[in-house]
Amino acid sequence: FMDIVIRKAVSADRTRIIPLQEQIAALHHAGRPDLFKTEARRFTPETFEMRLADPAHTMLIAEADGQVVGYAFAWVIPYRDHSTYIDFDSFYLDDICVLDTHRRMGIGRMLFERCAEEARARNCKNVELGVWAFNKEAIAFYKSCGMQDRVRRMELTL
């Protein structure tokens, strides 16, 4: 059993997360090649530094024996003077990923729970995220974390 550490991201992590970003890109491209590029989305050094410095952002890294094996990136979305919603803050979980080789070890749950703690500490009303319909494993994982459908986006492919 390995020792898993969840910590805040640092500048050096920008390049250390590339294998995870490549894995996500491959998964999305395989699921919807009509929409997703094969190349991974990568942070420029400027964007990564900007997010690290922005207090609205949460950037967490999961490390096992010195290796980056997962991450979670999120930020607070303030809903104010919205045409329909009451005023509240939402904790938007943009990206959570665990290396294929380290799945089903509780790392994703550790990252998710740390995000939920962060959301509570920031007085957010909820944790929200988007997940692609083809990604059944992720949907099952999020449901196991207590999440449920709030809105459903549908499409007619032309």
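Reply: Let us begin with burial, for which one cut-off is needed: a residue is called buried when its relative accessible area is under 20%, and exposed when that area is over 50%. Please keep in mind that this is a predicted model.

Me: How many disulfides does the structure hold?

Reply: The idea is to look at the distance between cysteine sulfur atoms, since a disulfide requires two of them within 2.5 Å. The structure holds 0 disulfides. For Cys124, the closest cysteine sulfur belongs to Cys115 and is 11 Å away, which is too far for a bond. Cys145 is likewise in no disulfide, with the sulfur of Cys115 as its nearest at 10 Å. Cys145 also counts as buried, because its relative accessibility is 18%.

Me: How should I read a helix, and what span does α2 reach from its first C-alpha to its last?

Reply: One may compare the span of a helix with the value expected from its number of residues. Helix α2, residues 18-31, has 14 residues and reaches 20 Å, close to the 20 Å expected at 1.5 Å a residue.

Me: Which residues of α2 are buried, and what covers them?

Reply: The buried residues are Ile18, Leu20, Gln21, Gln23, Ile24, Ala25 and His28. Their cover includes α1 (13-16), β3 (67-79) and β4 (88-98).

Me: How many bridges join β2 to β1 and to β3?

Reply: Pairing is read from the bridges between strands and from the direction in which the strands run. Strand β1 (residues 4-8) is joined to β2 by 5 bridges, and the two run antiparallel. Within that pair, Ile4 stands opposite Ala64 of β2. Between β2 and β3 there are 8 bridges, and these strands also run antiparallel. Glu63 has Val68 in β3 as its bridge partner. The strands β2 and β3 form a hairpin with 2 residues between them, and Asp65 in the turn has a positive phi of about 50 degrees.

Me: How does one read a nonpolar core, and which residues touch the most other members of the largest one?

Reply: One looks for buried nonpolar residues joined through their side-chain atoms. The largest such core has 37 residues, of which Ile17, Tyr71, Leu93 and Leu111 touch the most other members. The elements giving two or more residues to this core are β1, α2, β2, β3, β4, α4 (107-121) and α5 (136-144). Strand β3 gives the most, with 7 residues. Apart from neighbours within four places in sequence, Ile17 is in contact with Phe43, Phe48, Ile61, Val68, Tyr71 and Phe73.

Me: Finally, how many salt bridges are found in the whole structure?

Reply: A search finds 13 salt bridges. Arg32 and Glu155 meet at 2.4 Å, N to O. Arg32 lies in the loop between α2 and α3 (45-53) and Glu155 in the segment after α5, so the pair ties together parts that are 123 residues apart in sequence.

Me: Are Arg32 and Glu155 buried or exposed?

Reply: Arg32 counts as buried, at 14% relative accessibility, whereas Glu155 is exposed, with a relative accessible area of 52%.

Me: Which other salt bridge involves Glu128?

Reply: The side chains of Glu128 and Arg150 meet in a salt bridge of 2.7 Å, N to O. Glu128 lies in strand β5 (residues 126-128) and Arg150 in the segment after α5, so this pair ties together parts that are 22 residues apart in sequence. Glu128 is buried, at 11%, and Arg150 is exposed, at 53%. Salt bridges that share partners also join Arg7, Asp13, Arg16 and Glu63 into one network.

Definitions and conventions
Residues numbered from 1 in each chain as written. Predicted model: local features only at pLDDT ≥ 70, side-chain atom pairs only at ≥ 80, totals over all residues. Heavy atoms only, no water. Buried < 20%, exposed > 50% of the residue type's maximum accessible area, 1.4 Å probe, protein only. Helix = DSSP H or I, 4+ residues; strand = E, 2+ residues; numbered from the N terminus. Contact = heavy atoms within 4.5 Å. Pairing = 2+ DSSP bridges. Core = buried A, V, L, I, M, F, W, Y, C linked by side-chain atoms within 4.5 Å. Salt bridge = Lys/Arg side-chain N within 4 Å of Asp/Glu carboxyl O.
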